[in-house]
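Hello,

Here is the structure I promised to pass on to you. Have a look at it first, and then read my notes below.

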Amino acid sequence: MDFDYSRFFSGALDSLKRERRYRVFANLERLPGNPIRAYDHRVQRPVTIWCSNDYLGMSVHPAVLDAARSALSSFGAGAGGTRNISGTSHEHVRLEEDLADLHAKEAALVFTSGYAANDAALSTLVRLLPDCVVLSDTLNHASMIEGIRRSGVAKKLFRHNDVEDLERKLKAIEPGRPKLICFESCYSMDGDFAPMAAICDLAERYNALTYLDEVHSVGLYGPRGGGIAEAESLMSRIDIVQGTLSKGFGAIGGYIAGGAEVVDFVRSHAPGFIFSTALPPATVAGVRAAIAHLKSSSVERETLHRRVRSVKAGLEALELPVLPSPSHILPVMIGDAGLAKHLTDELMEQHGIYVQPINYPTVPRGTERLRVTPNPFHTDEDEAAFLDALSQVWQRNDVPRWTRSQMSRLTEIGAA
C-alpha cells in the first residue's frame, strides 16, 4: 500500500488541535504610528497589543522611518544577493561598525535574523573548534539548541542559572579541551537574568569561551542600550555577544560581536551567512538610526521600565500569578494549554486586547502562560483597561488567584 501523505499530515495537525496547541495567527494590521494598536481582521475591531517584541516602539520612531525611506529611495528594495556575490553595501559595513562599538568589541557580523545568527555561529564555532565541549543552560533559546545540535559535538546541559552545576560539569572536562559556555542574559519566557559575573568567573577559571545571547536585552538595558553585560560592566569579560535587530531596535536581523579573529572565522566558514541574501539596505539604515538614537537617549528605556513596574504592581494587587521577573517580561502563569487559549480568545473578542498564549514546546507542559510585555506607548488608560479585562476574564472562568506568598513559588514552576 502506498504511503498516505495527506493522512499523515492531517493526523499530525489533528493531534495538535486535540492538545489545544494548534497555533492560529492573529490577522493583525498595525495602525500607523503606534506599535501597540492594530486592526484585527478576524474579529473586525481595533485591538491593543500586550505581547509585542517591539519593546521600545522603535519600528515607528521618526528617525528610523526617515532613514529607511531615504535609503529605500537611494538603494532600492533589496540587497541584490549574498554579500559574497553582490558585494557588501556600505550601510552593512557601517552597521557592523555601529554594533561593534555598541558592545565594545573589535568586530561584528550581521545575519538575516537572530535565529540565523545563533544557528550559524554556534554550529560553525563548535564544529570547527577541535574536540570542543559545549555547556548550555537548559532554558536556552531554540536557535541556540539547534545550532549546537547541528554541530554534532559533545554537549553538557547545566541547570538553569545554576553556577554550581555548571562548575561541576566544567571540572569533569579535561583541562586542555576547548569549552564554550552558552547562556542568555535575559530569558524570554521567564524574564529572569543570568548570574553573568559568576559565569564569567568560571569561564576564566576553566579557560572556557563565553557566548552570550543578549537578544531580549539589547536596546533595553545599559546606558547606551548595550544590554545586561553593559549594565553590569561585564562587556570585556564576554567573548562573543549575539543579538537581534528585531526587538529593542524594531526591525529585523541578527548579529554577533566579538574579537576580530573569531568574527572573521565565522564570516569565512558559516554556511548560514555565506549563502544567505543580505538584509535590504533600507532595513539596515533604519536599524542604524535606531541604534544611534538609543545610544544617546534613555527616554524610551525609562518609560518602558516605569510602565513595567506599574503593570506588575497591578497584576500583583489583583493576585494574578505573575512570575517575580526582574525584567520587562511579565509571565502570567496558567498551567493549561486549553485554558490559556480560551482566556486569550476572550480577551481578544470581548475586550479588544491581544496577548498570545505561550504553550509547549516553547515552554514545558504544565507551565503554559501569558507573556505580557508592556510598552512605552501604553498609556495609563491602556493599563487600567488591561488589568480590568484580566480581572474579569479570571472571574468569569473561575481561574484561581494567588496570594503574594503563593506567588513566590512560581519561580520554581516557571523554571521547571
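**What I found**

Let me start with a pairing: strand S13 and strand S14 (residues 369-372) run antiparallel and are joined by two bridges. Strands here, like helices, are DSSP runs numbered from the N terminus (H or I and at least four residues for helices, E and at least two for strands), and two strands pair if DSSP finds at least two bridges between them.

Before going on, please note that this is a predicted model, in which local features need pLDDT of at least 70 and side-chain atom pairs count only at pLDDT 80 or more, while totals for chains, interfaces and linings use all residues. Residues are numbered from 1 along each chain as its sequence is written, and side-chain values use heavy atoms, with hydrogens and water left out.

**The sheet with S13 and S14**

S13 and S14 belong to an open sheet of three strands, in the order S11-S14-S13, with antiparallel pairing. Its edge strands are S11 (330-333) and S13 (357-358), each of which pairs on one side only. Isoleucine 358 faces arginine 369 of S14. As background, strands of a sheet pair through backbone hydrogen bonds, either parallel or antiparallel.

Next, look at strand S10 (residues 254-258). Five of its five residues are buried, so the rest of the structure largely encloses S10. Buried means a relative accessible area under 20%, exposed means over 50%, and partly exposed is in between (1.4 Å probe, protein chains only). Gly254, Ile256 and Gly258 point one way from S10, Tyr255 and Ala257 point the other way, and all are buried.

Threonine 244 is in S9, and it counts as buried because its relative accessibility is 1%. Its side chain makes a polar contact of 2.8 Å with the side chain of serine 246. A polar contact is a pair of N or O atoms within 3.5 Å; within protein, one must be able to donate a hydrogen and the other to accept it, and residues adjacent in sequence count only if both atoms are side-chain atoms. A polar atom of the threonine 244 side chain also lies 3.1 Å from the backbone oxygen of glycine 253. Setting aside neighbours within four places in sequence, threonine 244 is in contact (heavy atoms within 4.5 Å) with residues including Gly114, Val215, Phe249 and Tyr255.

The axes of helix H5 (residues 114-128) and helix H10 (residues 260-269) come within 10 Å and cross at roughly 100 degrees. H5 and H10 are therefore roughly perpendicular to each other. Ala121, Thr124, Leu125, Arg127 and Leu128 of H5 make the contact with Val262, Phe265, Val266 and His269 of H10. Axes are lines fitted to C-alpha atoms, for helices over the stretch in contact, and angles run from 0 to 180 degrees between N-to-C directions. Angles under 35 degrees count as roughly parallel, over 145 as roughly antiparallel, 65 to 115 as roughly perpendicular and the rest as oblique.

**Cysteines, and a phenylalanine beside one of them**

How many disulfides does a search of the whole structure find? The search finds zero, where a disulfide is a pair of cysteine sulfur atoms within 2.5 Å. Cysteine 182 is in none, and the nearest cysteine sulfur, in cysteine 132, is 8.3 Å away. With 0% relative accessibility, cysteine 182 is buried.

Phenylalanine 158 lies in strand S6 (residues 154-158) and is buried, with a relative accessible area of 1%. Not counting residues up to four places away in sequence, phenylalanine 158 touches several residues, among them Leu135, Asp165, Ile181 and Cys182.

Best wishes
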